[in-house]
Amino acid sequence: MSDKQKVLIAAVGIFVCYFYFGIIQEKITRGRYGSELQEDGTRGERFTFTLALVGVQCICNWIFAKGMLIVYPQSQDSTPKVYYASSSLTYLLAMISSNMALRWVAYPMQVVAKSAKPIPVMLLGVLFGRKSYALQKYFFVLLIVIGVVLFMFKEGKTSSSPLEQEGLGQLLLLMSLTMDGLTGAVQERMRQHSSPSAQHMMLSMNGWSTVFLFFPLLLSGEGFEFIAFASKYPQMLGHLATLSLAGALGQLFIFMMVSSYGALACSVVTTTRKFFTVLCSVVLFGNSLSSRQWLGAVLVFAGLFADMFYGKKGPAASTKTPSKPKTKSETEELLK
């Protein structure tokens, strides 16, 4: 299978799995369970167990990766455990802070903020991940991010939260973006050190994430509350199982992309996935686009096609004479 076929399969897998993942996640977190009258006058209970939801996904992802390694054995993983532990911690903090932000900011604001993910991934990859990019790469990625933000940004007030609470939500989103960047930087270090397979990355990162989540769930009592809630409303378990399956498949495709093409390529794919999801819904349902959204669409396509044809060149060649032949991973990096 050629590199182009691999990246196409991984990108389509990410698009499909996380499109469905988002629908199920909104059903769980925004839906109502039961018909009991609540203190605020509404009927039905809301799902508020963010840590437990992330924990269930991590456990299911670990089981999925373990099964994949049993069915399709891989060579021994030599990646230092400290890389997996640190990337798992930053990954968890990014996910939890992003989900918690939804308590104080509207979902469109969260989507727009997370659309800027390639920027911290690129900057922190340079600072801490020993990564380098050509100048045009920065420009093409910036075009894509600006285009997605313009396309998805909704004018007018999008949240009824008080200003100080909305500020807290925005601070959580900023923290989430920073953690995304640190995760990408550590993953670049992993890739340069030992190039672990997607299955090994998925197994180890979810294993460490489960360990990190165990104690907060136990000490806060949220784990027991989640079990009681699931026992009270068993219909939620069907949604949770579907969410976990979609998330496990999507994460496998993500790690395929990271292990083969790097964290930045993966973040660009996940960002444009949001854009194409909204664009498809516009086309399918015949909704009109504003001039700002058309401009955003043009910028996204311009950035994608420019990066496809001109962004593959590496940074300017160093004046130093190479002291050793290029390894396989270095050669693959130059061919990207």
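D180 is buried, because its relative accessible area is 10%, which lies under the 20% cut-off. This description rests on a predicted model. The points below place D180 in its helix and then turn to helix α8, including its kink and its packing with α2.

**The setting of D180**
- D180 belongs to helix α7, which covers residues 163–193.
- When neighbours within four places in sequence are set aside, D180 is in contact with A94, K114, K117 and V121.

**Helix α8: length, bend and end**
- Helix α8 runs over residues 198–220 and contains 23 residues.
- From the first C-alpha of α8 to the last, the helix reaches 33 Å, close to the 33 Å expected at 1.5 Å a residue.
- At L213, α8 has a kink of about 25°, shortly before the proline P216.
- G221 follows α8, and the phi of G221 is positive, near 80°.

**Helix α8: buried residues**
- The buried residues of α8 include A198, Q199, H200, M201, M202, L203, S204, M205 and N206.
- S209, L213 and L217 are also among the buried residues of α8.

**Packing of α2 and α8**
- Two packed helices are described by the angle between their axes and by the distance between those axes.
- Helix α2 (residues 50–71) packs with α8 at an angle of about 150°, and their axes are 8 Å apart.
- Because of this angle, α2 is roughly antiparallel to α8.
- The crossing of α2 and α8 is left-handed.

Conventions. Residues numbered from 1 in each chain as written. Predicted model: local features only at pLDDT ≥ 70, side-chain atom pairs only at ≥ 80, totals over all residues. Heavy atoms only, no water. Helix = DSSP H or I, 4+ residues; strand = E, 2+ residues; numbered from the N terminus. Expected span 1.5 Å × (residues − 1). Bend = angle between axes of the 7 residues up to and from the residue. Buried < 20%, exposed > 50% of the residue type's maximum accessible area, 1.4 Å probe, protein only. Contact = heavy atoms within 4.5 Å. Axes fitted to C-alpha atoms, helices over the stretch in contact; angles between N-to-C directions. Parallel < 35°, antiparallel > 145°, perpendicular 65-115°, else oblique. Left-handed = near helix turned anticlockwise from the far one by under 90°.
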